[in-house]
Amino acid sequence: QIETQNRKESISLLSFPGFSLEATGVDFLRKENTFLHHTNKYKNDSLVVRRGQAFQLKVSFTRELKDDDKIFLQFSIGKQAKHTLSIPVFQGVNIVALVYNLELANKEENSYRLCLIAVSSPADAIVGKYVLDVITESNIYHSGKNYLYVLFNPWCEADSVFMPDDAQKDEYVLSTTGYLYCGPTEYVLAKSWHYGQFEEDILDCCMYLLQRSELGPNDQRDPIMIARAMSALVNMRDDNGVIRGKWTEGYEGGSSPTEWRGSVRILQQYYRTKKPVFYAQCWIFSGVLTTVMRCLGIPARSVTTTDSARDTEKNINVDIYFNEKKEQLPSADFIWNFHVWNDVWMKRPDLPEGYDGWQAIDGTPQEKSQGLKYFFLIFLLSDSEEERKAMETALSHVSSPTCAVEQVLKYFKASIELGLEEVEAFLPGQPIDLNIVVKNKSADAKMVNLSVSCHLESYIGKVEASLATLQQTVQTEGNTVIQIPLNIPADAYMKVLSQTEDELLVKVNIFADVQETNEKLIKPLTLSFQYPHLKVVMPQMAKVNEKFTCELIFKNILPIPLEKCRLLVEDLDIPLKIFDHG
């Protein structure tokens with residue numbers, strides 16, 4: 001039976017004085033249970049189990065059980081334990097749980113009996129942190145600070161997060177490390193990330209977030225509702241959540257987003273201080289949300305899209321403005337070079353058949369549409385038949401798609417193709433040498449008015465500095481390719497690059513106006529700097545619990561000295577170390 005009164009009222013219904021049977025202790029058999037429940041990696045002294053799967057408790061009593069004895073296990077959850085589940089364990093016959101007497105714990109102290117009790121929680125049990133009371137007719141035994149954590153169970157077919165593939169469970173539930181992919185389409189960078197869902201305080205932080213979500217008991221058993229709540233609580237916006245986002249320079253009072261290499265420090269700091277951590281950007285929100293979901297038992301992964309657009313007018317168009325020199329101007333609509341959100345695995349009984357499996361959620365605070373956060377994606381145009389069909393399908397859902405469809409189809413049939421000659425990754429401090437490519441795909445000669453602009457921008461598309469512009473009219477013969485050089489000296493960008501903590505990108509916009517056909521084309525391209533790698537020299541052998549020395553070697557490729565350098569070192573068990581060097 002489920003009791004919703006406070007604990008004292010609930011217990012009074014189950015107490016019967018006059019009998020001497022009393023519980024004297026509970027052994028949660030943590031080692032044995034956690035191994036079977038795939039929870040043995042949690043750094044937590046309490047028992048962590050997964051719902052829908054049996055676990056065992058060893059309970060000691062003052063005497064041997066009799067047929068007319070009445071014993072209840074009461075599991076309580078929530079503030080002031082207001083939600084309780086009482087299980088009759090022994091009442092003449094075994095009703096719910098398997099009960100049997102074991103040998104005496106100590107033959108010289110034969111006044112005590114041990115009972116091994118197997119308990120199976122429902123596959124839709126409330127996820128959270130429980131306390132246990134063992135109730136006999138004359139006694140209530142409180143388990144004290146020996147809590148019971150109940151999580152989702154991807155190994156249980158009856159659980160709505162069941163994942164049949166064992167390799168996927170290893171990857172999306174149990175794996176504690178991985179990569180977050182950042183950068184533009186042409187130069188995606190893999191950032192190593194420590195999810196650390198089993199580390200100290202991470203599980204308790206997730207329980208604290210569940211408490212802060214104020215979900216009701218029915219919602220707290222539903223992965224759909226919990227995923228929505230957690231995606232809101234990982235960010236500070238509106239919810240005073242885990243970490244605050246910042247996309248402009250100046251990270252005083254916190255850490256630059258580029259310094260984070262894992263979720264553990266963020267969640268530990270938030271749980272211990274109960275205050276938001278500063279600062280984050282999209283890949284950090286995603287990494288933290290992956291940690292929270294995996295910690296709660298919901299399969300999760302971080303997902304990266306490149307060329308991700310913010311559509312403020314919800315018309316599947318992104319309006320970007322340029323001046324007469326073709327330099328990009330500020331706009332409410334813009335395209336992020338990449339965006340990172342999350343997939344979580346679950347059944348969707350609230351949707352039509354066929355929608356079970358991976359579901360998209362986003363921890364990055366965005367605009368709100370009808371009360372819900374949204375982040376709209378666009379496909380950049382290509383020659384790909386599959387992407388063209390996808391774009392046509394998407395455009396068919398907007399209110400006035402005709403004009404947009406015609407523009408898209410016209411682009412695919414254009415007689416001129418724009419681009420850059422293959423560019424090797426360039427190093428900071430070196431000149432940027434580009435070759436603009438104009439390819440005439442038709443058999444006829446074409447006169448093309450060409451304009452090119454180049455600027456530094458952040459990954460969210462914010463222009464930081466203009467670098468160069470070019471305007472030229474070129475004559476192209478049929479089925480030919482011509483190249484126009486664009487050279488940018490290092491002095492044009494080094495001051496801005498050295499004064500920002502963010503990783504800036506080089507954006508090139510190529511415009512073409514074909515005189516014979518009146519075609520107007522634009523080709524945006526994004527390039528990234530290649531930074532020197534750290535060389536790590538480790539000893540061939542190291543002994544457990546003994547110090548060892550390693551070298552981290554960095555080569556300054558610039559012609560000027562570097563000042564105020566910082567070296568950040570973090571491994572899977574040792575907190576982040578920051579070394580400042582003048």
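Let's start at Val536, which is partly exposed, with a relative accessible area of 45%. On this scale, buried means under 20% relative accessible area, exposed means over 50%, and partly exposed is in between (1.4 Å probe, protein chains only). The model is predicted, so local features need pLDDT of at least 70 and side-chain atom pairs count only at pLDDT 80 or more, while totals for chains, interfaces and linings use all residues. Residues are numbered from 1 along each chain as its sequence is written, and side-chain values use heavy atoms, with hydrogens and water left out.

Val536 sits in strand S30 (residues 535-537). Helices (H or I, at least four residues) and strands (E, at least two) are DSSP runs, numbered from the N terminus. The chain has ten helices and 33 strands, and 47% of its 582 residues are buried.

Now for helix H4, residues 202-213. At 1.5 Å a residue, its twelve residues should span 16 Å, and the end C-alpha atoms are 17 Å apart, which agrees. That expected span is 1.5 Å times one less than the number of residues. Ten of the twelve residues are buried, so H4 is largely enclosed by the rest of the structure. Among them are Cys205, Cys206 and Tyr208. What covers the buried residues includes H5, helix H6 (264-273) and helix H7 (282-296).

At its start, a side-chain oxygen of Asp222 reaches to within 2.9 Å of the backbone nitrogen of Ile224.

Next, the charged pairs. Side chains of opposite charge can pair when their charged atoms come close. A salt bridge here is a side-chain nitrogen of Lys or Arg within 4 Å of a carboxyl oxygen of Asp or Glu. A search of the whole structure finds 14 of them, including these:

| Pair | N to O distance |
|---|---|
| Asp69 and Arg63 | 2.8 Å |
| Glu137 and Lys70 | 3.7 Å |
| Asp201 and Arg272 | 2.8 Å |

Asp201 lies in the loop between strand S13 (189-194) and H4, and Arg272 lies in helix H6, so this pair ties together parts that are 71 residues apart in sequence. At 16% relative accessibility, Asp201 counts as buried. Over in another pair, Glu137 is buried at 8%, whereas Lys70 is partly exposed at 25%. Asp69 is buried as well, with a relative accessible area of 2%, and Arg63 counts as buried at 17%.

Conventions: A polar contact is a pair of N or O atoms within 3.5 Å; within protein, one must be able to donate a hydrogen and the other to accept it, and residues adjacent in sequence count only if both atoms are side-chain atoms. Contact means heavy atoms within 4.5 Å.
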